[in-house]
Amino acid sequence: MTCTFDQRIDRRHSDSLKWQKYGGQDILPLWVADTDFRSPQCVIDALQQRVAHGIFGYGTTPDELIAVTTARMLARYQWKIDPEWLVLLPGVVSGLNLAVRAFTEPHQGTVAPTPIYPPFRSAAKLADRAQLDVPLKLHEGRWLADFDELSPAMTGNEKLLMLCNPQNPGGTVYRREELEAQLRFAQRHDLIVCSDEIHCDLLLEDGVQHIPFGSLNEDAQRRSVTLISPSKTFNIAGLGASLAIIPDKALRARFNKARLGIVPQPDILALVAATAAWRDGQPWLDEQLAYLKTSRDWLTERINAIEGLSLARPEATYLAWIDASQLNVASPALFFERHGLGFSAGRDFGDDSFVRFNFGCPRDLIVEAVRRMEKAVRTLRR
């Protein structure tokens with residue numbers, strides 16, 4: 001396979017949300033989490049074959065996708081999944097919102113590490129639920145939360161613990177003992193656990209292994225909803241196909257009841273793309289991971305060499321969570337935007353002193369972005 005990750009594909013005049021945000025402006029879009037890489041050929045071929053059929057009526061749940069998913073969980077994580085546990089969704093974000101509405105009442109609340117992917121925060125807000133934040137702190141270069149510190153603030157009305165593993169935006173891949181500590185917290189406070197594991201295939205650190213929360217033991221399995229999708233891994237986010245793994249029959253029934261009449265099934269082309277990606281996309285994924293790891297290493301070194309910025313090397317994802325607190329600017333995101341850089345604002349994740357840099361793009365774009373960052377920071381030293 002010939003590596004194509006260096007190829008610049010012009011998305012400025014396409015329907016790309018990422019690139020249209022700064023249309024007509026000299027601002028590099030490095031924000032929303034889709035990559036600028038062409039999707040695997042196996043996905044493109046599968047879609048073209050399905051489109052050639054020419055009829056797009058209502059579809060059924062594809063048996064092959066269910067089989068591919070259960071085989072993947074067993075092979076990668078030694079987690080034996082019953083096909084009945086799987087619930088198809090048009091996106092992980094809808095799963096987060098469904099979990100909040102299915103497993104909490106209006107007077108109850110959720111718990112989530114922070115900073116965290118913005119839909120975790122908005123899911124509670126949109127449902128008019130309270131949310132307790134567990135601050136993430138840097139421990140030996142990894143973003144971790146101490147759940148024991150939160151215990152005094154628990155009121156007893158919290159019913160749902162919302163996790164993100166690998167962590168977005170920090171890039172931490174939780175070790176078994178860290179997941180077990182999260183489980184003990186959930187047991188102590190009798191919490192259901194919703195774990196977003198959409199970035200589980202994007203591991204960049206040698207020797208690090210993803211462990212699904214629900215695979216820890218029978219109790220973790222009983223109290224968990226695990227959200228997975230090939231969308232981030234294979235750059236098919238516009239083809240929304242995700243799955244919730246809900247082993248407990250009663251939780252699954254509550255989850256499915258909450259979606260009735262509101263959240264549809266994924267469309268037929270999304271299911272075709274997801275099946276092809278997980279079935280045939282591993283060679284492409286292996287090359288992408290090697291490319292992203294090199295980009296991650298270069299970017300980490302260069303960012304940490306810029307006075308006023310720091311970056312803890314992400315163990316997973318193509319997202320860099322950059323601490324800009326030492327720049328002493330009111331909003332780092334707006335500051336960099338004025339210098340031609342469109343990052344995700346840390347405010348949306350829960351800390352406005354950071355920006356999130358999406359390095360899932362050709363390396364020459366990353367080099368240009370860092371050049372602009374260096375130039376921008378120099379203006380503060382004049």
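Reader: In which sense do strand β12 and strand β13 pair?
Author: This is a predicted model, in which local features need pLDDT of at least 70, side-chain atom pairs count only at pLDDT 80 or more, and totals for chains, interfaces and linings use all residues. Residues are numbered from 1 along each chain as its sequence is written, and side-chain values use heavy atoms, with hydrogens and water left out. Strands are DSSP runs of E with at least two residues, numbered from the N terminus, and two of them pair if DSSP finds at least two bridges between them. β12 covers residues 341-345 and β13 covers residues 354-358; they are joined over two bridges, and the sense is antiparallel.

Reader: Which residue of β13 is the bridge partner of alanine 345?
Author: Strands of a sheet pair through backbone hydrogen bonds, either parallel or antiparallel. For alanine 345, the bridge partner in β13 is valine 355.

Reader: Which strands stand at the edges of the sheet?
Author: The sheet is open and has five strands with mixed pairing, in the order β1-β12-β13-β11-β10. Two of them have a single partner strand each, so one side of each is left without a neighbour in the sheet; these are β1 (28-30) and β10 (310-311).

Conventions. Helix = DSSP H or I, 4+ residues; strand = E, 2+ residues; numbered from the N terminus.
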